[in-house]
Amino acid sequence: QGLLSESGGGLVQAGGSLRLACSSSGRTFSSYAMGWFRRVPGQEREFVAAINLSGSSVLYGDSVKGRFTISRANANMVYLQMNSLRPEDTAVYYCAVSRGIQTLSAMYEYWGQGTQVTVSS
């Protein structure tokens with residue numbers, strides 16, 4: 001079992017909402033930023049959002065700005081509230097941690113297994 005575990009994915013109609021959660025176990029990531037990425041088969045992993053420990057610094061990918069909100073409960077729990085979902089948001093969503101808040105997936109050290117989000121039109 002990995003250090004990070006995502007939950008909350010599922011099937012939703014366009015315009016609907018989902019809330020993803022990511023929790024860590026076995027290690028406390030108090031000095032790490034936590035982020036969300038997504039991947040569609042055959043495409044590169046796309047940055048979605050990231051947040052530092054205090055929540056004072058957040059980043060969003062251009063395609064989700066204004067629709068998605070990342071929040072962090074503590075060192076080991078992060079959420080992604082997804083509103084106004086579109087069919088193009090369909091992907092596997094991954095949680096990851098990095099020593100600094102950033103958008104590059106290569107800089108994230110630990111990853112979850114992912115949770116599928118499917119948005120029907």
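Student: How many Å apart are the mean positions of the positive and negative charges of the protein chain?

Tutor: In this predicted model, the mean positions of the 10 positive and 7 negative charges are 6 Å apart.

Student: What makes the protein chain as compact as a globular protein of its length?

Tutor: Let us begin with the elements. The protein chain has eleven strands and zero helices. Its radius of gyration is 13 Å, close to the 14 Å that the globule rule gives for 121 residues, so the chain is as compact as a globular protein of that length. The C-alpha atoms fill a box of roughly 40 × 30 × 25 Å along the principal axes, and 40% of the 121 residues count as buried.

Student: Why is the pair of Arg38 and Glu46 called a salt bridge?

Tutor: The closest N and O atoms of Arg38 and Glu46 are 2.8 Å apart. A salt bridge requires a side-chain nitrogen of Lys or Arg within 4 Å of a carboxyl oxygen of Asp or Glu, so this pair qualifies.

Student: Why is Arg38 called buried, and what is Glu46 called?

Tutor: Arg38 has a relative accessible area of 5%, and buried means under 20%, so Arg38 is buried. Glu46 has a relative accessible area of 30%, which lies between the limits of 20% and 50%, so Glu46 is partly exposed.

Student: What makes the pair of Arg38 and Asp89 a tie between parts of the chain?

Tutor: The two side chains meet in a salt bridge, at 2.9 Å from N to O. Arg38 lies in strand 4 (residues 33–39), whereas Asp89 lies in the loop between strand 8 (77–82) and strand 9 (91–98), so the pair ties together parts that are 51 residues apart in sequence. Asp89 has 0% relative accessibility, which is under 20%, and therefore counts as buried.

Student: Which residues are linked with Arg38 in a network of salt bridges?

Tutor: The network links Arg38 with Glu46, Arg67 and Asp89. A search of the whole structure finds five salt bridges.

Student: How do you know that Arg99 is exposed, and where does Arg99 lie?

Tutor: The relative accessible area of Arg99 is 57%, and exposed means over 50%, so Arg99 is exposed. The side chains of Arg99 and Glu109 meet in a salt bridge, at 2.7 Å from N to O. Arg99 lies in the loop between strand 9 and strand 10 (108–111), and Glu109 lies in strand 10, ten residues apart. At 36% relative accessibility, Glu109 counts as partly exposed.

Notes:
Residues are numbered from 1 along each chain as its sequence is written. This is a predicted model: local features need pLDDT of at least 70, side-chain atom pairs count only at pLDDT 80 or more; totals for chains, interfaces and linings use all residues. Side-chain values use heavy atoms; hydrogens and water are left out. Helices (H or I, at least four residues) and strands (E, at least two) are DSSP runs, numbered from the N terminus. The radius of gyration is taken over C-alpha atoms; the globule rule is 2.2 Å times the number of residues to the power 0.38. Buried means under 20% relative accessible area, exposed over 50%, partly exposed in between (1.4 Å probe, protein chains only). Lys and Arg count as positive and Asp and Glu as negative; His and the chain ends are not counted. The place of a charge is taken as NZ of Lys, CZ of Arg, CG of Asp or CD of Glu.
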